Amino acid sequence: MLWIFSLSLLGSFFSLLAGLSLIGSLILGLLQAAMIGMFYNWVGDLASNRSPDWRTFRYETFSSVIAFGFFFYLVELSAQAIGGAQEGFNMVTLFIHLAVVIWCNPAPEIIQHIQPDGMNGIMLCYEFMKEQGAAWLGAILLVVSPLFLISGTDGLFTVMRAMNPLFPVAALALPGSEVSSAVFGQIFGGVLGHIGTLFVSLVLGIWIMIFRSILFQRLSGRR
């Protein structure tokens with residue numbers, strides 16, 4: 001929970017840094033990759049019934065996050081060039097975005113448990129989805145479907161647009177955060193309401209990531 005909170009805090013704080021210069025954007029990207037990698041290690045350890053090791057920096061995980069991030073960046077640039085949109089989504093960019101989200105959906109778990117070199121992770125995603133894609137997506141949709149039913153069609157479309165294959169927890173926690181915001185806002189209001197919403201969103205997001213990690217191990221025969 002601490003790592004998700006720290007990651008979101010850094011993302012907000014360093015957003016100004018990203019807009020200042022190329023060096024600022026590079027520093028921001030490396031910090032985010034390092035924290036995502038450490039969070040993945042933490043989730044992978046919990047899903048494998050191991051005690052999380054906070055003291056060891058695993059370069060292999062960091063390198064895999066960088067490789068996937070670079071691939072998604074190239075895809076985003078290509079989608080914008082094809083769709084002719086510099087900002088937001090049109091039908092072309094949305095289609096490409098959803099195709100990558102489905103293709104690379106198990107990317108976090110592949111990084112956690114395999115830590116592939118370079119672009120090998122992209123092919124591992126393809127092979128896993130070809131063999132276990134129906135079971136994988138079906139189980140995930142079954143788990144998160146109550147949230148989508150509560151938030152409605154608009155909430156589903158928001159999640160689809162916000163989905164990031166490298167860090168899906170943020171988008172998957174959106175419906176829960178909207179519901180908890182309405183509940184805690186009415187009960188407590190103000191600062192306490194925001195704290196309650198943040199807590200519920202973090203717990204929900206972490207639970208979803210641990211579930212995904214365990215599911216990946218069972219479907220891939222790594223457990």
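Helices (H or I, at least four residues) and strands (E, at least two) are taken as DSSP runs and numbered from the N terminus. The model described here is predicted, so that local features need pLDDT of at least 70 and side-chain atom pairs count only at pLDDT 80 or more, while totals for chains, interfaces and linings use all residues. Residues are numbered from 1 along each chain as its sequence is written, and side-chain values use heavy atoms, with hydrogens and water left out.

The chain has 10 helices and zero strands. Read from the N terminus, its elements run α-α-α-α-α-α-α-α-α-α. A residue is called buried under 20% relative accessible area, exposed over 50%, and partly exposed in between (1.4 Å probe, protein chains only). By this rule, 40% of the 223 residues of the chain count as buried. Accessible areas come from the Shrake-Rupley method with a 1.4 Å probe, and for residues only the protein chains shown count as cover. The chain exposes about 12,200 Å², of which carbon and sulfur atoms supply 68%. A contact is defined by heavy atoms within 4.5 Å. Among contacts between residues at least 6 apart in sequence, 69% join residues at least 24 apart.

A nonpolar core is a set of buried Ala, Val, Leu, Ile, Met, Phe, Trp, Tyr and Cys residues joined through side-chain atoms within 4.5 Å. The largest such core has 31 residues, and those with the most contacts inside it are Phe39, Tyr40, Phe68 and Cys104. Two or more residues of this core come from each of the elements α3 (22-47), α4, α6 (107-113), α7 (120-162) and α10 (190-220). Helix α3 gives the largest share, seven residues.

Aromatic rings were examined next. Rings of Phe, Tyr and Trp (its six-membered ring) pair if their centres lie within 6.5 Å; planes under 30 degrees apart count as stacked, over 60 as edge-to-face and the rest as tilted. The structure holds 11 aromatic pairs. One of them, formed by Tyr59 and Phe62, is tilted, with 6.3 Å centre to centre and 45 degrees between the planes. Both residues of this pair, Tyr59 and Phe62, lie in helix α4 (residues 59-83), three residues apart, which is about one turn of the helix. Tyr59 is exposed, with a relative accessible area of 54%, whereas Phe62 counts as buried at 16%. Elsewhere, ring pairs link Phe39, Tyr40, Trp42 and Phe167 into a cluster.

A disulfide is a covalent bond between the sulfur atoms of two cysteines. The cut-off applied is a pair of cysteine sulfur atoms within 2.5 Å, and the structure holds zero disulfides. Cys104 is in no disulfide, and the nearest cysteine sulfur, that of Cys125, is 4.6 Å away. Cys125 is likewise in no disulfide. Cys104 is buried, with a relative accessible area of 0%, and Cys125 also counts as buried at 0%.

Asn105 lies in the loop between α5 (91-103) and α6. This residue, Asn105, is buried, with a relative accessible area of 11%. Leaving aside its neighbours within four places in sequence, Asn105 is in contact with Val100, Trp136, Leu137, Ile140 and Arg212.

Charged side chains were treated last. A salt bridge is a side-chain nitrogen of Lys or Arg within 4 Å of a carboxyl oxygen of Asp or Glu. The structure holds three salt bridges. Arg50 forms one with Asp45, the closest N and O atoms being 2.9 Å apart. Asp45 is buried, with a relative accessible area of 2%, whereas Arg50 counts as partly exposed at 46%. Arg58 also forms a salt bridge with Asp45, here with the closest N and O atoms 3.0 Å apart. This pair links distant parts of the chain, Arg58 being in the loop between α3 and α4 and Asp45 in helix α3, 13 residues apart. Arg58 is partly exposed, with a relative accessible area of 23%.

The side chains of Arg212 and Glu109 also meet in a salt bridge (2.9 Å, N to O). Arg212 lies in helix α10 and Glu109 in helix α6, so the pair ties together parts that are 103 residues apart in sequence. Arg212 counts as buried at 1% relative accessibility, and Glu109 counts as buried at 0%. Salt bridges that share partners join Asp45, Arg50 and Arg58 into one network.
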